[in-house]
Amino acid sequence: YGQLGTGNRTSYSVPTSVSSTISWKQIACGQYHTAAIAGATGLAYTWGYNLYGQLGTGNTTSYSVPTSVNSAISWAAIAADQMGIFSLGINGANGLAYAWGNNSQGQLGDNSTTDRSVPTSVSSAISFLQISASYRASLAFQSAQATIVASSETTIKTEGFYALKVVASTNAINSITPLKISRTLTGEALVDLRSVDTIQFDIYSSRTGSNIKLGITDSGGTLTEITPNILSANTWQTVSWDISAVANTNKDVINTITVTMVDASVENTFYIDNFKITLAVTNNVFGWVA
């Protein structure tokens, strides 16, 4: 059926190059068709038997070379069932699931038994992390839904100290997707760090390890980050952040402060406080924005 993608329907007993120069990041094989995701674009390609529209090309024509799926979606994952009659995919932008091909048993999950020849949204608003296809059945794993809530004093201060508390919670496990909050500074609150070698701050976290990332962004878009290692939970720890190697042009107008949860698999409450800067020349200590 052309499921080898070699441009013909010849069987081979040794590895044979697929008729494509695309670099692939994932590939899935059914009995009669193959589905793959292009590494550079995330677009999906399929080849092989297409009686039920399982190639997702908008028709039921079989192809012996990689053929673009009829969708502009950038895919995070793709699957082909073992019988080679339907396919599944996860949208890389939002985690929503799509399916196409044979639907005689409702395996496409679109609340019907109608075959589909293009990726069709599964009847669910769930964001999925992983998906697999077997004979007339589909299985998906829900990704962690995590929320970060940030609270701080309502007024941005150009002098003095204040604390920023961030609580990250999740209703599922194994989420390693970075979750960010950011505060944009304007007007008098903009920070000039051209003469600064070191930023010092205190951090208190309910978790140990390198799970929190703090970043500052210059008006030119340059992001500088630090990921402090929390040695002891529920204890204040002082962190020294060396920014002497950052060019002055990349730290002269700091307009955004970003806090990132690197790993949201476990709830974490943390506080950041007492920012101080050390000038390169005088070594005097001044207050800075938290």
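A residue is called buried when its relative accessible area is under 20%, exposed when that area is over 50%, and partly exposed in between, with a 1.4 Å probe and protein chains only. By that criterion, 41% of the 290 residues of this chain count as buried.

Colleagues, a word on the basis of what follows. This is a predicted model, in which local features need pLDDT of at least 70 and side-chain atom pairs count only at pLDDT 80 or more, while totals for chains, interfaces and linings use all residues. Residues are numbered from 1 along each chain as its sequence is written, and side-chain values use heavy atoms, with hydrogens and water left out.

I begin with the chain as a whole. It contains 0 helices and 20 strands; both are DSSP runs numbered from the N terminus, helices being H or I of at least four residues and strands E of at least two. Contact here means heavy atoms within 4.5 Å. Among contacts between residues at least 6 apart in sequence, 59% join residues at least 24 apart.

Let me turn to one sheet. Two strands pair if DSSP finds at least two bridges between them. On that basis 4 strands form an open sheet in the order E5-E6-E7-E8, with antiparallel pairing. Strands E5 and E8 (116–121) stand at the edges with a single partner strand each, so one side of each is left without a neighbour in the sheet. On average, neighbouring strands of this sheet are turned by 15° against each other, direction ignored; the axes are lines fitted to C-alpha atoms.

How is strand E6, residues 86–91, covered? The strand is mostly covered, as 6 of its 6 residues are buried. In a regular strand the side chains alternate between the two faces of the sheet. Here Phe-86, Leu-88 and Ile-90 point one way from E6, while Ser-87, Gly-89 and Asn-91 point the other way, and all are buried.

On one side, E6 pairs with E5 (residues 75–80) in the antiparallel sense over 5 bridges, and Ile-90 is the bridge partner of Ala-77. These two strands form a hairpin with 5 residues between them, and Gly-84 in the turn has a positive phi of about 75°. E6 is also joined by 5 bridges to the antiparallel strand E7 (residues 97–101), where Ala-99 is the bridge partner of Leu-88. E6 and E7 likewise form a hairpin with 5 residues between them, and Gly-95 in its turn has a positive phi of about 80°. E7 and E8 pair over 3 bridges in the antiparallel sense, and Tyr-98 stands opposite Ser-121 in E8.

Gln-31 is found in the loop between strands E1 (24–29) and E2 (33–38) and counts as partly exposed at 37% relative accessibility. Not counting residues up to four places away in sequence, Gln-31 touches Gln-3, Asp-81, Gln-82, Met-83 and Gly-84.

Next, the charged pairs. A salt bridge is a side-chain nitrogen of Lys or Arg within 4 Å of a carboxyl oxygen of Asp or Glu, and a search of the whole structure finds 2. In one, the closest N and O atoms of Asp-110 and Arg-116 are 2.7 Å apart. Asp-110 is buried at 10% relative accessible area, whereas Arg-116 is partly exposed at 26%. In the other, the side chains of Lys-213 and Glu-225 meet at 3.9 Å, N to O. Lys-213 lies in strand E15 (residues 212–218) and Glu-225 in strand E16 (residues 223–226), so the pair ties together parts that are 12 residues apart in sequence.

Finally, the interior. A nonpolar core is a set of buried Ala, Val, Leu, Ile, Met, Phe, Trp, Tyr and Cys residues joined through side-chain atoms within 4.5 Å. Which residues have the most contacts inside the largest nonpolar core? They are Leu-193, Ile-199, Phe-201, Leu-214, Trp-241 and Ile-272, in a core of 23 residues. The elements giving two or more residues to this core are strands E14 (196–205), E15, E17 (237–242), E18 (254–261) and E19 (268–279). Apart from it lies another core, of 13 residues, among them Ala-79, Ile-85, Leu-88 and Ala-97.

Methods:
Axes fitted to C-alpha atoms, helices over the stretch in contact; angles between N-to-C directions.
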